[in-house]
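The chain and its coordinates come first.

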Amino acid sequence: MDPATKKTVLRMIPYGIYVMTAKGADGHLTAATVNFVTQTSFAPPLIVVGVKVDSGCHLAAKESGQFALNMLGKGQQGAAFAFFKPAEVEDGKLSGEPFRPGENGAPIIDSAIAAVECKVSEIAAVGDHHVIIGEVTQVHLHKHPEGRPDAAILEMKDLGENVFYGG
């Protein structure tokens, strides 16, 4: 398989931009920008998130069995870039973003257009990103989208011509 062709072809898969958050067993809050995300079931409502194995979010979600997925909207590039590095809690903010604890303890970012809280159903431990299957236990809608809900999501292509993931 030609590596350059593989990279180009896999980058044709469109990606939304989200911030996964979790509260570790020790109470430490974690957050990371993620984009390997999809819904996989209506009943029960399930989502899957591909999470880098060595990330704090992976460990916290695995330990606690809980996480949240905060949906970023168009124009929230700053929030996406803020969570490319390990999260810091300072002055009541998570990497500069106001938040509140969800019912499951995971941070819900106030500026996100929406969020879901999840209970970990299963983790598929394959590859450099494990697939965490989460059952949606609570939903938050901070800003009702105009038009199609899926059109409101910040996408990888919105981050700039030279920002890619996958491949």
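1. Surface. The accessible surface of the protein comes to about 9200 Å², and carbon and sulfur atoms hold 57% of that area. The model is a predicted one. Of its 167 residues, 43% count as buried.

2. Fold content and overall dimensions. The protein has three helices and 11 strands. Read from the N terminus, the order of elements is α-β-β-β-β-α-β-α-β-β-β-β-β-β. The radius of gyration is 15 Å, close to the 15 Å given by the globule rule for 167 residues, so the protein is as compact as a globular protein of that length. Along the principal axes, the C-alpha atoms fill a box of roughly 45 × 35 × 35 Å. Among contacts with a separation of 6 or more, 64% are between residues 24 or more positions apart.

3. Helix α2 and its packing. Helix α2 covers residues 56-64, and C57, H58, A60 and A61 are buried in it. In an α-helix there are 3.6 residues a turn, so residues three or four places apart point the same way. Which elements do the buried residues of α2 pack against? They pack against β1 (18-23), β2, β4 (46-52), β5 (66-71), β10 and β11. Just after α2 comes G65, with a positive phi of about 75°.

4. V34. This residue belongs to strand β2 (residues 29-34). Is V34 buried or exposed? V34 has a relative accessible area of 8%, and therefore counts as buried, the cut-off being under 20%. Leaving aside neighbours within four places in sequence, V34 is in contact with G16, I17, Y18, M20, V49, G50 and L69. One of these, G50, is 16 residues from V34 along the chain, and the two C-alpha atoms are separated by 7.6 Å.

5. Charge. There are 14 positive and 19 negative side chains, and the centres of the two sets lie 4 Å apart. Side chains of opposite charge can pair when their charged atoms come close. The count of salt bridges in the protein comes to six. Those that share partners join K74, E155 and D158 into one network.

6. The pair K52 and D54. A salt bridge joins the side chains of K52 and D54, at 4.0 Å from N to O. K52 is partly exposed, with a relative accessible area of 44%. D54 has a relative accessibility of 63% and counts as exposed, because the cut-off for that class is over 50%.

7. The pair R100 and D110. The side chains of R100 and D110 also meet in a salt bridge, again with an N to O distance of 4.0 Å. This pair links distant parts of the chain: R100 sits in strand β8 (residues 97-101), while D110 sits in the loop between β9 (107-109) and β10 (114-124), 10 residues apart. R100 is partly exposed at 32% relative accessibility, and D110 is partly exposed at 38%.

8. The pair K119 and E135. Here the salt bridge has an N to O distance of 3.7 Å. K119 lies in strand β10 and E135 in strand β11 (residues 129-141), so the pair, 16 residues apart, links distant parts of the chain. K119 has a relative accessibility of 38% and counts as partly exposed. E135, at 22%, also counts as partly exposed.

9. Cis peptide. The peptide bond joining A43 and P44 is cis, with omega at about -5°. P44 is placed in the loop between β3 (37-41) and β4. This bond deserves a look in the displayed model.

10. Positive phi at residues other than glycine. D91 is not a glycine, yet has a positive phi of about 55°. D91 is in the loop between β6 (89-90) and β7 (93-94), and with a relative accessible area of 71% is exposed. S95 is not a glycine either, and has a positive phi of about 50°. Where is S95 placed? S95 is in the loop between β7 and β8. With a relative accessible area of 19%, S95 is buried, whereas D91 is exposed.

Notes:
Residues are numbered from 1 along each chain as its sequence is written. This is a predicted model: local features need pLDDT of at least 70, side-chain atom pairs count only at pLDDT 80 or more; totals for chains, interfaces and linings use all residues. Side-chain values use heavy atoms; hydrogens and water are left out. Helices (H or I, at least four residues) and strands (E, at least two) are DSSP runs, numbered from the N terminus. The radius of gyration is taken over C-alpha atoms; the globule rule is 2.2 Å times the number of residues to the power 0.38. Buried means under 20% relative accessible area, exposed over 50%, partly exposed in between (1.4 Å probe, protein chains only). Contact means heavy atoms within 4.5 Å. Accessible areas come from the Shrake-Rupley method with a 1.4 Å probe; for residues, only the protein chains shown count as cover. Lys and Arg count as positive and Asp and Glu as negative; His and the chain ends are not counted. The place of a charge is taken as NZ of Lys, CZ of Arg, CG of Asp or CD of Glu.
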